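Subject: Structure handover

Hello,

Here is the structure you asked for. My notes on it follow below.

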Amino acid sequence: MAKRNVWSGEETMELLEIIKEKNAMELFANSARGKNEMNVYKMLEDEMKRNGFDGKDASQIYHKWKNLKRSFYQTKKMNKGRATCEFSEELAEILDQTYHPKKEAPVKRRSNNQSKTVRSQIISKLTKVQVENSEEFAKKYNELYDYEFKLYKRKEKEQVALFNQMIEQSKATLIERCRQIFLTPVVDESTDVVDDSNVVEIETTQINIESSEMAAKEPSPIVKAYLILYNGAQVLGWSYMLYQLLAYYTVDKGTDKTLWDYLGFTVILFQNAALLEIVHAFTRIVPSNPVITTFQVLSRVMVVCGVVMATPTGKVSPGLPLAILAWSITEIIRYGYYALNLVDAVPQLLIFLRYTTFIALYPIGVTGELLCFYWAQSHVAETKQWSVEMPNKYNFTFSYFYLLWMVMLLYIPLFPQLYLHMFAQRKKILGAAPSGGAASAKQKAK
C-alpha cells in the first residue's frame, strides 16, 4: 500500500526554505529529466533529514513540489497574474526570480528560524571544542610517547653497556685461563731437567686437591642409595633416548612423525629431571658448585622448554638431532661415571671416555643448540611471542626475541671457557706419567 503524501505547514515551509537556500531551481534547469533530476530531490531529502524532518523521501518531495507549482500557476492564471494559493509569497520568490536572484534581498525565514540558529550554534561550538580536544589529546599522546621512547632508549643503552661489560670480563677471564693452561712449565726432554720450584708448586697443588676431596663428607647410606638410583635411572633414560634417535633414522625410517614427536617426551622427562642436580648441589649431598650447576642445567632446560617446546620452528630445526646425539652420549658416560664412583668401581675406560669424548661432543652439542635457537628466533620475531611492548601501565618492556639472541651471543665467551676447563681437567686426570698409569688416574677421578 502506497504511503500517503500528507505535509504539514512546517514541513512545507522547510522544503521551500531549502529550495531557496540551495538554489534548487537552477539545479532543476541544468539537469535533464529523469535520473539527474531525482538526484536533486535526493539532495533535498538529505537536507530535510539533516534539519530534523526525516519523514519525507525523494518521491514524496517530487510530488509535493509538483503540486505546489501547479497550484501556484493555476491561481496566478485565474487572478490575472496574482497568485492566491497557500505559500504564494514563498513560491513567488522561488518561481518568479529563478534566474535573477537578488543577492542582497532579505530572505523570509521560517517560523522556527530561531531554534535552527541556536541548534546550529550549539553544533558549531561542540564541533570546535571536539577539534580542540582532539588536538590537545594528540599533542599529549605524542609527548607521552616521546617520553616513553626516551626511557626505552636509555634502558637499552644501559643494557648494552652492561652486556659489553660482561663480554669484557669474560674475555679477560678467558685470556687468563688460556695463559694458565698453555703457559705451563716446559720439561727439557734432552736433559730431563725440571725447575724444582715448579715441581714443588705442582705437588703442593695436587696435595691440596686430594686433601680437599678427602675432606668431603661421605654421604649417608640412604643418600648414597638415592644417588645411585638417580644416576642409574638417568643412564637408562639417556640410553633409551639414544636408541630412539638411532631407530628414527634406521629402523623406523620413513615414519610420518617428526623427530620431536618421536622422542620428545623422553627428552622432556630426563632433561627436566636434571633439575634435581641443582637441589643436590644446594643441599650439599654432592660436592658440586651450586652456581655452576644451576647455569649448566638451566641452559639445557631453556633449549628444551624455552626453544623447542615453545616454538614450532624449533621442533624442526636441523640442530635438534645433533644436540640430542651429543647430550645422550655425554649423559650416559657422565651419569654412569657418577653411579660407579659411588661404589668405587669406575673402570679406567670410563674415566678415559669422560675426559676425552667431550672434545668432539661439546662442539656438536653447542652447534645443535645454536641451530635450535636460530630456528626459534624467526618464529618469535614474527609473532612477538612472550614479549611485552611499550607503552603499558607497568612501564615495562621485554623482548623474548632479544633474549634468545643474547643467550646465543653468550655462547661466544662462555663456551671456550668451559671447553678449556675440560681440557685442564683432562690434563689433570689423564696426564699422569705412564708409570703412574691407571692407579693415579682412578685416584684423581674419585
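Helices here are DSSP runs of H or I with at least four residues, and strands are runs of E with at least two, numbered from the N terminus. This is a predicted model: local features need pLDDT of at least 70, side-chain atom pairs count only at pLDDT 80 or more, and totals for chains, interfaces and linings use all residues. Residues are numbered from 1 along each chain as its sequence is written, and side-chain values use heavy atoms, leaving out hydrogens and water.

Helix α16 contains Leu409, which counts as partly exposed because its relative accessibility is 37%. (Buried is under 20% relative accessible area, exposed over 50%, partly exposed in between, with a 1.4 Å probe and protein chains only.)

Thr12 sits in helix α1, residues 9–21. With a relative accessible area of 1%, Thr12 is buried. Leaving aside residues up to four places away in sequence, Thr12 touches Trp7, Lys64, Leu68 and Phe87; contact means heavy atoms within 4.5 Å.

In helix α10 (residues 275–282), Glu277, Ile278, His280 and Ala281 are the buried residues. Viewed down the axis of α10, they fall within an arc of 160 degrees, so they line one face of the helix. The arc is that of the directions from the helix axis to the C-beta atoms. These buried residues of α10 pack against α8 (221–249), α11 (290–308) and α13 (319–342). Just after α10, Arg284 has a positive phi of about 65 degrees.

Regards
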